[in-house]
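Please examine the structure shown below.

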There are 4 protein chains.
Amino acid sequence: MKEENTPEKIIKNVHETRVRFNECDPLGIVWHGHYIVYFEDGRESFGKEHGISYLDVQRNGFATPIVKTTTEHFLPLKYGETVRIETTFVNTPTAKMIFRYELFNEENKLVCSGETTQVFIDLEGNLQLYNPDFFQDWKDRMEI
Amino acid sequence: MKEENTPEKIIKNVHETRVRFNECDPLGIVWHGHYIVYFEDGRESFGKEHGISYLDVQRNGFATPIVKTTTEHFLPLKYGETVRIETTFVNTPTAKMIFRYELFNEENKLVCSGETTQVFIDLEGNLQLYNPDFFQDWKDRMEI
Amino acid sequence: MKEENTPEKIIKNVHETRVRFNECDPLGIVWHGHYIVYFEDGRESFGKEHGISYLDVQRNGFATPIVKTTTEHFLPLKYGETVRIETTFVNTPTAKMIFRYELFNEENKLVCSGETTQVFIDLEGNLQLYNPDFFQDWKDRMEI
Amino acid sequence: MKEENTPEKIIKNVHETRVRFNECDPLGIVWHGHYIVYFEDGRESFGKEHGISYLDVQRNGFATPIVKTTTEHFLPLKYGETVRIETTFVNTPTAKMIFRYELFNEENKLVCSGETTQVFIDLEGNLQLYNPDFFQDWKDRMEI
């Protein structure tokens, strides 16, 4: 049982990528829709580090479609810049995977933040109302 | 002056497009990040119909970067399907352009909804705290 | 039997689309890799008009992966411009689908040309050395 | 003067990347048009290693639009696979930058090859018929 006042355990991944020419728009900055790809890069990198990648999900007979995304932009990113993607798992009792993203430029300034929510569906496309076993096992292993 | 109890005037555009093969992911459905492109299609189509396109914005010496996007997914879209994008202008007293999107499949079911918020910056990149004249003029013409 | 000196029958589709903001790069022009999407648009439109779409191919139990693409660029395309995609079927005795693309801007100038070659594979992924029946039937109907 | 029978000096870059989920199509493989992005990744990586990146080109007052691309596909790539991009400079006396790409999967098999041709234009958009000085200097430094 979780003790009162225990600070929430933070599970996180840090991933770096460089802004591609083809990711930038006529304003010379990363096109806003492209941040969704950076979020996916962060989520992938998180999954690889912490053993809960999309391929793990598939191997267990599930898919995890995104049902909600929010994105906020604070500063632009330009072609050639390095961006640091910090991806944090947001714990929830419901049968969902929620990730929070914070993107920083080379001067360590927050350029974008966002969040994605994924649900679990089985191979027949049925929405899972409870955490699939493999996911609950993972949460247990992560002690969250 | 606006009368009390006047229902809000709704300014809207309806645009149809077909789902491209290259917009779909290994699950055979439109990749979630691609809906941002559909939103842009809707916004463009709205701008053309109502005289407030991105090229109009540029001609007046401004850019309107997206500062916030939300997207919610209810049903998948498959390759070859026709999607109807309904784009509605969300009026706000602040110096922002807010659009609301509702996407429907061929059975007239809501597959996705979302919202984008844009701010005005001038050619030097300065954020505008008040509506630029051309935008206020447009709102006046639209009687909102 | 085909008579000597009979000019080759030309089967063609003409499709128009508008250049999206997100298709343009920091030079303000359509990013060169994006023409592959325009080619796909042209091919799709050809398929719909002439009854040989990718969904027809799938329904008959085949996939037609692209094995070769060439693209040549003569003029840039800018955001907001309309582009006309002319897609022509290139007849060949081998078990391939070859399409030729010519893209024109609003001044009717050739901006890009290219060609794609597709082969037929069945559901098990086997390369077909002879035209599948449905494709030969289509060629017969088209009298080529 | 180049001696007869001197083997051509090979200038090359090797770059690795992982196939993203969003780069794959409904067949579960990398969409063919996406290889153009991999080529750009290889070219960028080449430029960084050998001091002739796109940012170098820009700093010298030129742009190098792609005027021709060819792509050949031999094997599919799947989501999660690592791909090795080998980019080789193809020397030519004309005022062009030609790169040759060879992409290998994890089993070291050739999955795709291709070539891009770039020309030099100055800030006014004028095509350069002779190598710009900075590029000729680079070739001299590379001894090609």
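In this predicted model, the contact between chain D and chain A draws eight residues from chain D and eight residues from chain A. On the side of chain D that touches chain A, the elements giving two or more residues are α1 (35–50) and α2 (54–59) of chain D.

In general, two copies of a chain are related by a rotation about an axis and a shift along it.

A second pairing involves chain B and chain A. Chain B is superposed on chain A by a rotation of 180 degrees, with 0.0 Å of shift along the axis and an RMSD of 0.0 Å. This is therefore the relation of a two-fold axis. In chain B, T70(B) has the C-alpha nearest the axis, 2.2 Å from it. Here too the contact can be compared between the copies: 100% of the contact residues of chain B recur in chain A, and the same surface serves both copies.

The remaining feature concerns the backbone within individual chains. Most residues other than glycine have a negative phi. Against that background, E143(A) deserves attention: its phi is positive, about 60 degrees, although E143(A) is not a glycine. The residue is found in the segment after α3 (133–142) of chain A. Is E143(A) buried or exposed? E143(A) counts as exposed, because it has 8 C-beta neighbours inside 10 Å, and a residue with 12 or fewer such neighbours is classed as exposed.

Chain B provides a corresponding description. E143(B), not a glycine, has a positive phi of about 60 degrees, and it lies in the segment after α3 (133–142) of chain B. Its C-beta neighbours inside 10 Å number 8, so E143(B) also counts as exposed.

Technical notes
Residues are numbered from 1 along each chain as its sequence is written. Chains are lettered from A and ligands numbered from 1 in the order in which they are written. This is a predicted model: local features need pLDDT of at least 70, side-chain atom pairs count only at pLDDT 80 or more; totals for chains, interfaces and linings use all residues. Helices (H or I, at least four residues) and strands (E, at least two) are DSSP runs, numbered from the N terminus. A residue is buried if 20 or more other C-beta atoms lie within 10 Å of its own, exposed if 12 or fewer, and partly exposed in between; C-beta atoms are placed from the backbone. Two residues are in contact if their C-beta atoms, placed from the backbone, lie within 7 Å. Copies are superposed by least squares on the C-alpha atoms of residues with pLDDT of at least 70 in both.
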